[in-house]
Amino acid sequence: MKESFSPSSSETEVVVQATPEELQAMRESYKKYREAEKAASPERARAQAETLRETNRAFIANRERNRAKGKEMSEEEFLLWEEDFAGDWERLQEYLRKGEISSSEQEADIEEPMFFTRDERVLHETIEAQAGNYYHKRAKELREAIAASGVEDPEEVMKPLSDFYMQVNEHLRFKYMSHDDLEYEYGGDYASYDRGRTAAHNNTITALNRINDLARRFGTTPFTPRNFWTSYKDMKSQTPAESTRMRYDRDVVEEYYAIAFSDKEQQYARRRERADRGY
């Protein structure tokens, strides 16, 4: 290192200058550090996915113990679980960035441990789904934050909230469509019906992601601790790991809105029951 002196009226300033050789050594050292971080990041991300799986399992077990005692989990306790989950998810995403994991195939393979069930009853009990209990409170907080922000045309900015509700209704319409309705609308063309139902489901997921992003933008609590994949992601054939994640995400979002809009779900279910009875 070279030292140079810059005299001033009050004191002498010492400026330390690195030699070209020292600068090169520092660059090489940092390069090796980044390469080591990149190499280690995929395994660290997978370990984080395993942690997320165990957090969900512990949360479900805790709810079961509470029910056995005739208790319900408080909002304060739920928020602690949700914050832990969200923090671990962010760490996982940071590892993906450090590992330069950019393809959905790689990401799905790394994250696979956290998508641990296809049982709808279990999915209903997960942290992501149970966040549906707080949908209306979070929607109110988001509307208030937007209104207070001074943003131009706040009603337009709030529109994703009504879009989400409309998409939920559209998917419920498909989900509880009676045989007679299906015949009337599709003439027995089940392939067209399936395409319509899949589109409605994907649109619901997209709408939920948008209101999550809107909440983050205005500093309120996101509606769920992470965003979800649609089955349209990348518009290509799916690997088994991608298929697992997409199926999990589709089902857990359905459980989320079944909780958030339980009255609407029950309304459609009763309508279907009456149609099946024929009166």
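Let's start in a loop: E100 sits between α2 (75–98) and α3 (104–111). Helices here are DSSP runs of H or I, at least four residues, numbered from the N terminus. Quick ground rules. This is a predicted model, where local features need pLDDT of at least 70 and side-chain atom pairs count only at pLDDT 80 or more, while totals for chains, interfaces and linings use all residues. Residues are numbered from 1 along each chain as its sequence is written, and side-chain values use heavy atoms, leaving out hydrogens and water.

Back to E100. What is the phi of E100? Near 55°, a positive value in a residue other than glycine. Most residues other than glycine have a negative phi. E100 counts as partly exposed because its relative accessibility is 49%; the cut-offs are under 20% relative accessible area for buried, over 50% for exposed, and partly exposed in between, with a 1.4 Å probe and protein chains only.

Next, D153. D153 also has a positive phi, about 55°, and is not a glycine. Its loop runs between α6 (135–148) and α7 (154–157). With a relative accessible area of 45%, D153 is partly exposed.

Now the helix packing. Two packed helices are described by the angle between their axes and the distance between the axes. Take α8 (residues 159–175) and α11 (residues 240–260): the angle is about 105° and the axes are 11 Å apart. Axes are lines fitted to C-alpha atoms over the stretch in contact, and angles run from 0 to 180 degrees between N-to-C directions. So α8 is roughly perpendicular to α11, a label that covers 65 to 115 degrees.

Who makes the contact? From α8, F164, V168, H171, L172 and K175; from α11, E254, Y256 and Y257. Contact means heavy atoms within 4.5 Å. By type, that contact has five nonpolar residues, one polar and two charged.

Stay with α11. It has 21 residues and reaches 30 Å from first C-alpha to last, close to the 30 Å expected at 1.5 Å a residue. The expected span is 1.5 Å times one less than the number of residues. α11 is mostly covered, with 17 of its 21 residues buried.

Last stop: Q130, in helix α5 (residues 127–130). Buried or exposed, at 5% relative accessibility? Q130 counts as buried. Its side chain reaches the backbone oxygen of H124 at 2.7 Å. Leaving aside neighbours within four places in sequence, Q130 is in contact with F59, R63, F78, H124, E125 and I259.

Definitions and conventions. Helices (H or I, at least four residues) and strands (E, at least two) are DSSP runs, numbered from the N terminus. Angles under 35 degrees count as roughly parallel, over 145 as roughly antiparallel, 65 to 115 as roughly perpendicular and the rest as oblique. Ala, Val, Leu, Ile, Met, Phe, Trp, Tyr, Cys and Pro count as nonpolar, Asp, Glu, Lys and Arg as charged, and the others, Gly among them, as polar. A polar contact is a pair of N or O atoms within 3.5 Å; within protein, one must be able to donate a hydrogen and the other to accept it, and residues adjacent in sequence count only if both atoms are side-chain atoms.
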